[in-house]
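I opened this model to look up its helices, strands, loops and surface, and I kept notes as I went. The entries below follow the order in which I looked.

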Amino acid sequence: MLDAVVIGAGPNGLVAANVLADAGWSVEVLEAQPEPGGAVRSDRGVHPDFVSDLCSAFYPLAAASPVISRLGLEREGLRWSHAPRVLAHPLPDGRCAVLERDTAATAAGLEDFAAGDGDAWRGLCDVWDRLGDAILGALFTPFPPVRAAARLATDLRTAGGLRLARTLLLPVRRLGEEEFRGDGGPLLLAGNALHADLPPEASGSGGFGWLMSMLGQHVGFPVPTGGAQELTTALVQRLRRRGGRVRCGEEVVEVVVRGGRAMGVRTADGESVAARRAVLADVSAPALYRHLVDPRYLPAHLAEDIRRFQWDFATFKVDWALDGPIPWTAPGARGAGTVHLADGLDGLTRFSAQIATGHVPDEPFVLVGQMTTADATRSPAGTESAWAYTHVPHHIKGDAGGHGISGRWDRGDQEAMAERVEAQVERCAPGFSSLIRRRRVLAPPTLEEMDTNLHGGAINGGTAAMHQQLVFRPVPGSGRPETPIKGLYLASAAAHPGGGVHGAAGANAARAALRSGAVRSLLSRTQRRLADRPTAATADRGTSSAARLVDPS
């Protein structure tokens with residue numbers, strides 16, 4: 001019998017399996033899709049000469065994650081590549097905010113927007129230099145992160161204490177207003193906040209935008225050389241070398257529970273896979289609690305809490321095989337791996353408000369990935385493998401663009417939305433459309449078909465808003481990987497610390513399982529020692545207290 005079964009071979013599931021295997025547990029990962037990786041996959045489906053990442057593509061959180069670092073994936077052949085510039089946000093008037101890996105270069109560019117903004121950026125970087133390690137330590141450990149939080153509290157006192165805490169809780173619009181005079185700095189912060197579903201006016205969006213910007217500043221937005229699949233391949237290879245197994249095409253339809261404890265899983269073809277110690281679920285919280293676990297084993301309030309669970313924005317993505325690099329008007333965008341497109345901060349607010357009211361944005365905020373710019377192996381010399389994505393409502397009430405996009409996501413909806421995305425690129429890069437050799441559209445239902453965790457195209461496992469973080473993730477009173485079922489652990493982005501490829505949710509679940517296993521083992525050994533005490537003492541003194549502990553009867 002296996003020690004543990006992991007449901008789902010996404011990055012969190014594979015990290016969890018590796019951590020368990022390192023501890024000597026026998027572990028098997030069951031994946032519904034034909035190949036492992038979840039949202040970390042790549043293919044040649046757009047054009048045979050072009051590598052395209054299906055979902056995630058840039059990995060600043062992986063680069064900063066101590067969880068990923070401890071796995072030593074470079075020994076499995078993983079290599080990272082960087083674009084000359086991290087990120088750019090060109091504006092229609094020709095100006096361009098650029099995030100470089102060199103602080104002085106980023107600051108110099110922001111100084112062109114307004115005098116003093118370069119120093120303001122250096123000030124934000126100084127805060128990161130003092131607090132960054134403590135913040136990452138708190139972010140990537142189970143909640144509550146006692147030791148990391150104690151260190152962070154100490155560092156906060158020396159870095160400004162309550163005033164700094166206030167700054168990190170600010171909406172990113174207000175943070176930009178307080179720190180900068182020009183448009184460049186606020187654009188970098190706000191665009192990075194919208195890598196999650198945090199509008200410029202959302203509390204905490206300032207802290208998240210600052211976090212992502214500082215990661216870009218200090219570790220870049222790296223990509224795996226050869227494609228996102230190489231990160232998955234490294235995780236799978238490492239697991240297999242430690243005796244773990246990954247079986248694809250095996251959809252789990254039930255977590256088997258007996259006596260209040262998870263005992264294994266059942267697959268769609270009727271196979272039962274037993275687990276002696278734990279079941280770890282790299283699945284969404286609604287999928288786990290609505291579909292995989294029989295409701296009779298769960299507290300009554302959990303169904304109501306899950307009903308209130310909020311997904312992050314739906315996603316619409318377009319992949320391109322281009323005959324040449326994107327001809328950006330702004331020189332700063334030409335060497336950037338990631339490019340943000342929106343008409344300033346007000347454009348980001350307008351975009352977010354349209355989604356909030358159920359309308360497909362007419363001028364969407366578009367995130368562009370220039371993959372060959374970041375990794376020359378992705379396509380032939382002189383070409384570009386590129387993609388762009390934007391967000392749309394889950395439930396569409398209307399189309400602000402007037403083209404009748406309905407949310408059915410039939411061919412008409414897909415074509416209209418793809419053309420809208422391409423128009424945003426064309427505005428800042430005239431001639432872009434003439435470079436398109438082939439195109440692939442991934443509408444929200446398509447993304448979900450590729451990975452059921454991406455419900456309706458939601459890519460972060462649930463909203464990053466403050467009301468669904470920490471002890472509120474995925475439901476109030478949680479925040480940890482343990483579930484109401486003994487031996488069952490939530491190991492996906494639905495658990496703290498949330499979305500992004502960092503492996504922390506999987507590692508947290510694995511460590512919780514290991515701790516529980518160690519406690520059970522200790523109790524079992526103690527009971528055996530008590531039961532094995534010499535019977536002579538019992539004969540002399542009657543039934544000993546130890547014997548009574550083992551057998552009260």
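**Entry 1: helix 1**

I began with helix 1 (residues 11-22), which has 12 residues and reaches 16 Å from its first C-alpha to its last, close to the 16 Å expected at 1.5 Å a residue. The expected span is taken as 1.5 Å times one less than the number of residues in the helix. Helices (H or I, at least four residues) and strands (E, at least two) are DSSP runs, and they are numbered from the N terminus.

I note here that this is a predicted model, in which local features need pLDDT of at least 70 and side-chain atom pairs count only at pLDDT 80 or more, while totals for chains, interfaces and linings use all residues. Residues are numbered from 1 along each chain as its sequence is written, and side-chain values use heavy atoms, with hydrogens and water left out.

I then looked up how helix 1 is covered: 11 of its 12 residues are buried, so the helix is largely enclosed by the rest of the structure. Buried means under 20% relative accessible area, exposed means over 50%, and partly exposed lies in between (1.4 Å probe, protein chains only). The buried residues of helix 1 include Pro11, Leu14, Val15, Val19 and Leu20. After helix 1 comes glycine 24, with a positive phi near 90 degrees.

**Entry 2: strands around strand 12**

I turned next to strand 1 (residues 2-7), which runs parallel to strand 12 (residues 272-281) and is joined to it by five bridges; two strands count as paired if DSSP finds at least two bridges between them. Leucine 2 has alanine 275 of strand 12 as its bridge partner.

Strand 11 (residues 261-267) runs antiparallel to strand 12, with three bridges between them, and I found valine 265 opposite valine 273 of strand 12. The hairpin of strand 11 and strand 12 has four residues between the strands, and glycine 270 in that hairpin takes a positive phi near 95 degrees.

Strand 12 is also joined to strand 20 by three bridges, and these two run parallel; in strand 20, tyrosine 489 is the bridge partner of leucine 280.

In which order do the strands of the open sheet lie? I read the order as 7-6-14-16-17-13-19, seven strands with mixed pairing. Strand 7 (96-99) and strand 19 (436-442) stand at the edges with a single partner strand each, so one side of each is left without a neighbour in the sheet. From one strand to the next the twist averages 20 degrees, where axes are lines fitted to C-alpha atoms (for helices over the stretch in contact) and angles run from 0 to 180 degrees between N-to-C directions.

Within this sheet I followed strand 13 (residues 314-322) and strand 17 (residues 384-392), which pair in the antiparallel sense over nine bridges. Lysine 317 has tyrosine 389 of strand 17 as its bridge partner.

**Entry 3: the loop between helix 17 and strand 20**

Phenylalanine 472 is in the loop between helix 17 (444-450) and strand 20 (488-490), and it is partly exposed at a relative accessible area of 38%. Leucine 470 is found in this loop between helix 17 and strand 20; it has a positive phi of about 55 degrees although it is not a glycine, and at 43% relative accessibility it counts as partly exposed.

Leu470, Val471 and Phe472 make a nonpolar surface patch of about 230 Å². Patches are made of residues with over 30% relative accessible area and no salt bridge, like charges being joined within 9 Å and nonpolar side chains (Val, Leu, Ile, Met, Phe, Trp, Tyr) within 5 Å. A salt bridge is a side-chain nitrogen of Lys or Arg within 4 Å of a carboxyl oxygen of Asp or Glu.

I also recorded a cis peptide bond from arginine 473 to proline 474, with omega near 0 degrees; proline 474 lies in the loop between helix 17 and strand 20.

**Entry 4: other loops**

Another cis peptide bond joins histidine 496 and proline 497, with omega about 10 degrees, and proline 497 sits in the loop between strand 20 and helix 18 (504-531).

Is tryptophan 409 buried or exposed? It is buried, with a relative accessible area of 9%; tryptophan 409 lies in the loop between strand 18 (398-399) and helix 16 (411-428) and has a positive phi of about 55 degrees although it is not a glycine.

Key
Areas by Shrake-Rupley, 256 points an atom, 1.4 Å probe, with all protein chains shown as cover.
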